[in-house]
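Dear colleague,

I am passing the structure below to you for your files.

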There are 4 protein chains.
Amino acid sequence: MLVAGATGFAGALAAHLLWRHPGFELVGVTGRSETGRQLQDLYPRYRVPLTIAELDLEALPDVQAAVVAYPHAAAAPTVAALLERGVRVVDLSADFRLASQATYEQWYGPHPRPDLLEGAVYGLTELHRERIASARIVANPGCYPTASLLALAPLSRAGLIADVVIDAKQGISGAGRAFDEQTHLSMAGENILPYKVAAHRHTPEIEEQLHALDPSRPDLRVQFQASLVPLDQGEMASCYVTPTRPVPAAELQDLYEQAYAQEPFVEVASVPPGTRETLATNFCRLFAAADGHTGKVLVFSSIDNLWKGTSSQALQNLNVMFGQPEERGIA
Amino acid sequence: MLVAGATGFAGALAAHLLWRHPGFELVGVTGRSETGRQLQDLYPRYRVPLTIAELDLEALPDVQAAVVAYPHAAAAPTVAALLERGVRVVDLSADFRLASQATYEQWYGPHPRPDLLEGAVYGLTELHRERIASARIVANPGCYPTASLLALAPLSRAGLIADVVIDAKQGISGAGRAFDEQTHLSMAGENILPYKVAAHRHTPEIEEQLHALDPSRPDLRVQFQASLVPLDQGEMASCYVTPTRPVPAAELQDLYEQAYAQEPFVEVASVPPGTRETLATNFCRLFAAADGHTGKVLVFSSIDNLWKGTSSQALQNLNVMFGQPEERGIA
Amino acid sequence: MLVAGATGFAGALAAHLLWRHPGFELVGVTGRSETGRQLQDLYPRYRVPLTIAELDLEALPDVQAAVVAYPHAAAAPTVAALLERGVRVVDLSADFRLASQATYEQWYGPHPRPDLLEGAVYGLTELHRERIASARIVANPGCYPTASLLALAPLSRAGLIADVVIDAKQGISGAGRAFDEQTHLSMAGENILPYKVAAHRHTPEIEEQLHALDPSRPDLRVQFQASLVPLDQGEMASCYVTPTRPVPAAELQDLYEQAYAQEPFVEVASVPPGTRETLATNFCRLFAAADGHTGKVLVFSSIDNLWKGTSSQALQNLNVMFGQPEERGIA
Amino acid sequence: MLVAGATGFAGALAAHLLWRHPGFELVGVTGRSETGRQLQDLYPRYRVPLTIAELDLEALPDVQAAVVAYPHAAAAPTVAALLERGVRVVDLSADFRLASQATYEQWYGPHPRPDLLEGAVYGLTELHRERIASARIVANPGCYPTASLLALAPLSRAGLIADVVIDAKQGISGAGRAFDEQTHLSMAGENILPYKVAAHRHTPEIEEQLHALDPSRPDLRVQFQASLVPLDQGEMASCYVTPTRPVPAAELQDLYEQAYAQEPFVEVASVPPGTRETLATNFCRLFAAADGHTGKVLVFSSIDNLWKGTSSQALQNLNVMFGQPEERGIA
């Protein structure tokens, strides 16, 4: 195994999880900065004693798969090069998350390698497990779509979503290893900050998946909004659904319990989950309620944005891709 | 001036603000616990050197007004007794916030003194300034309704709200001086916790005021939901409005700027406000945006839940009630 | 395995670690409150699906060992009763930490079972590994002594400590599941609070161990002081040693590297460690420096107070007691 | 009044306090970056609607005094230029804090304007009030020396300090508007980090003042060590003094009460102060205790590092310099 882009939060955690995984061997970590230092000097807590090197495609170690943690648009060419060398990829960027090239280009600009879109599988394990098993490119979902789609999939499949508002809150690690006003403790602390108002790039990713789950509503537009709150790791997607018909509480409970009864990492709770309950785990914890006053359906979805939202889900996908028990190394 | 119930967060801050107010004299602080201690022993930061005593209605100091910071239902009898002795009251409880006795009893149980409802004025200063000036009972709004109503009033008055979801986030001081799982730093810290799902008591207060602002929609139901986030003081109401007709961005901006041009404590921002921008102030800071993708109107409203949301708004109302400059002692 | 007193922070974490330990089977969790609830309802994050029951000494499950997480003085009788039934104990209280009954009674009051003191072994694994292996009672150290003694042991053994000040800082989890002014986020947050000034009960525990390490200084008095800082888990012991003779930097570095070269859980760092580096791990991370300006020796010792400071060290000791690899289940 | 260097935390807060001060008029704020923006765009919470400009010494507004908030060494030439134009200065840098040029150069490198050292007064108001009143350069103390010296001055004046260890803890605002590993919430949060081990530049400033207070110990070396803890504003200096002779508790209490009885901003508390008690105030709150076990004297000193530690103390000094009541605008 290889982690390309291991100096950011997502890549570093993926390296940590791979390093201690009993079924995989992590042989390399790469980065464009900090080369020559051990990853554990940069992230002492992760205790990965490998030296950060530049990615050299001509002298790749002999690996079966790589986790690529590059920025959007920068990822695609590297993913392509790895594929050509027979390396399967879990890509943490947005480059292969959208099946539609047109939608991608509307939100991100020109796509570097549209020819590879068709072979990529959207890596929300619970929705696409079978195709992930044999995929050469797994496009790991964004953290917000992970929480949102696990919350909405049961309703969407049942054709119950007429309209939806998603208000997501996230800890500061969601901003990554960026050093600026949004991450300085004296500015991010004691603060609640809505950001990217009315234009969040995770919107099309959520919409495309919901359209696939409920083809009867190809024009569903999702109102997605995120806020930063002063914690490190943790994400809550609060979903407010106007249903296509009244949904009794008992039906709602059944719907969720049945949807996730077999899922090792999705828990249906009987009270609203706090994000601490999923901290540093691969779990998603859900709570659904029917509001008798307004007729709306509310679903709260808690994950750790760096774990299930990013890096441990990458491991979950690698487990599926390589026939390991799905929970191995992340439970 | 007198503060009855000064040992909780709201009463203590009201006492602090009154103590340092150049136009009022604070002569007494009462409490049912901690009597005999100075308030500044309980809240050193507030430096109020008055001794906490039990409220003795038979030996009231000679005061013109009192801030009553009692729990719901416990407040009404004391408010009544104070009124009988010629003392005007700013009541921080919910007892006089709802004009409709029926609505009150649906959410809170039997009303102790329904006869006094008619004379009470809802103390959101910006909406009811003139009536507050001469009121004998001012029902100080809840913190969530304060943020929500300042966010929605311009749209409501213009008849533009067809449907609305309010997702509010608040710091832990909103839970008050309660010692439990919700306030322990090792549980509340690094957590995001939705609470009182589908049944928040602030809902009817918001609805009643909106119905008054837009009589054309007497059946508007508000979806209100709150979450606790790990900070001390700060509150953000994120409002997602389905408008009755498309609202262009320019019209929206105009609507808000005109609505609040003369208001000393409401700021219309050009970017989403963080709650730090209103920390320890009486300001409400708003940002409105039209989402071209969904057609919805988004309004973000930031206040300090203990200041504008509670205690400094009580002072703002006292300033209005006693002919003091409205900004005195709180700006 | 059994955890008696699993409803507090320490017992709950011990239960969590035992539940997922591949070499032990956790068969019971007991508590005096919350009986009938699953431990995972109280601590969802720990996911231990056992039901909390009262401890019934007459109907003990068939276990080889128990972790006892009771308050001081309450622990000793239960420890004794378990011993009589052939159950080995790791006791998290102070009851068996001090070899001297007189010292115990000076700081804690009458000892409930002084007859058992002689057979108890102080459970700082790195200092007493061999005796722990065969002990029937292991007295798990306090978190402050754990960090302090690992910091000072190399200097003490070398006879280098003439005087020492220990200034320790700890997160709020150190106050346990107590709901009060010290743990409420609105009071503990944005605060630094020295507590138990000039009278901390961890002092004699540190002194007794240092006297054993350096018998030449039986009268060494340790100045120990703790402060609460606003985080959850994490502890830093900053030790200021006046040495018995000048200690060159190179000698100091050697001393620490040699002392801990074989220790799986003690790291000698080359820069001052932050407590994040040991968060949710059993590691202690140390940094020692000679101050050329004052001649003093400074040692900084970072642990997670709930892990190495308490519950994971209990597991480390259980591993030693039952012939498991020492790092099993906690690395 | 003018604030030169208003874009950093210290300068911005000084501008905020001057802007709302009833006795001073703030006419300009300067900065080397962010010119053309209003200060309130950078610091919305401070609400200072002045435009940031480059400092133009040839076109200075007509001001009597300036607060200079520049980095060390960069400050001195600007201070000199302002003096030449008849502007009195409160300098927040270290450039004029040390009377001894030799000591300055040992810790900071060559002094840009040693000729001005003699005329500068050390701006710890409580120690040098009279000389500050007529000073042309007031060297505002560092935040650590402020807390430490107020803690130690009574003991030092009485000749009671034989040896002293100062362990200071501070919130992240102490690192200023720096965007890096030390200030990112995901790194600084849930962390305790000792820094600048055995080499903190505030040491000579504390020593020089103590030597002046107690000329009998010209060779006293101070062990000073600081740690960052995860809060915004707040600082605690915990001082461990080995006294020259035993100090009874009653004498100690007397010593502190008499030393500060007339001081408007120094409080002698009867229990250890938390830093929240001085948050956003100009107060220093002290607690002294004699440790019967060790014979040492412990003093805990709490301030807000940005207020009394920096900017509000600058205002306190300006009040003294211009004959305003000392508490005006900061109480």
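**Contacts between chains B and A**

Between chain B and chain A, 4 salt bridges are counted. Please bear in mind that this is a predicted model. In one of the salt bridges, Asp167(A) is paired with Lys169(B), and their closest N and O atoms are 2.9 Å apart. Polar contacts between chain B and chain A amount to 28 residue pairs, with both residues at pLDDT 80 or more.

Several elements of chain B give two or more residues to the side that touches chain A, among them helix 7 (185-188), helix 8 (202-213), strand 10 (222-228) and strand 14 (297-303). The most comes from strand 8 of chain B, with 5 residues. By residue type, the side of chain B that touches chain A divides into 22 nonpolar, 15 polar and 11 charged residues.

In total, 48 residues of chain B are in contact with 48 residues of chain A. The size of an interface is often expressed as the accessible area that is lost when the parts come together. For chain B and chain A, the buried area is about 3,900 Å², and carbon and sulfur atoms give 61% of it. On the chain B side, the residues that lose the most area to chain A are Glu190(B), Ile192(B) and His293(B), which together account for 20% of what that side buries.

**A sheet in chain C**

In chain C, 7 strands form an open sheet with parallel pairing, and their order is 3-2-1-4-5-7-6. Strand 3 (52-53) and strand 6 (120-122) of chain C stand at the edges; each has a single partner strand, so one side of each is left without a neighbour in the sheet.

Strand 4 (residues 65-68) and strand 5 (residues 88-91) of chain C run parallel and are joined by 4 bridges. Opposite Val68(C) stands Asp91(C), in strand 5 of chain C.

With kind regards

Technical notes. Residues numbered from 1 in each chain as written. Chains lettered and ligands numbered in written order. Predicted model: local features only at pLDDT ≥ 70, side-chain atom pairs only at ≥ 80, totals over all residues. Heavy atoms only, no water. Contact = heavy atoms within 4.5 Å. Buried area = accessible area lost by both parts, 1.4 Å probe. Salt bridge = Lys/Arg side-chain N within 4 Å of Asp/Glu carboxyl O. Polar contact = N/O pair within 3.5 Å; in protein donor to acceptor, adjacent residues only side chain to side chain. Nonpolar A, V, L, I, M, F, W, Y, C, P; charged D, E, K, R; others polar. Pairing = 2+ DSSP bridges.
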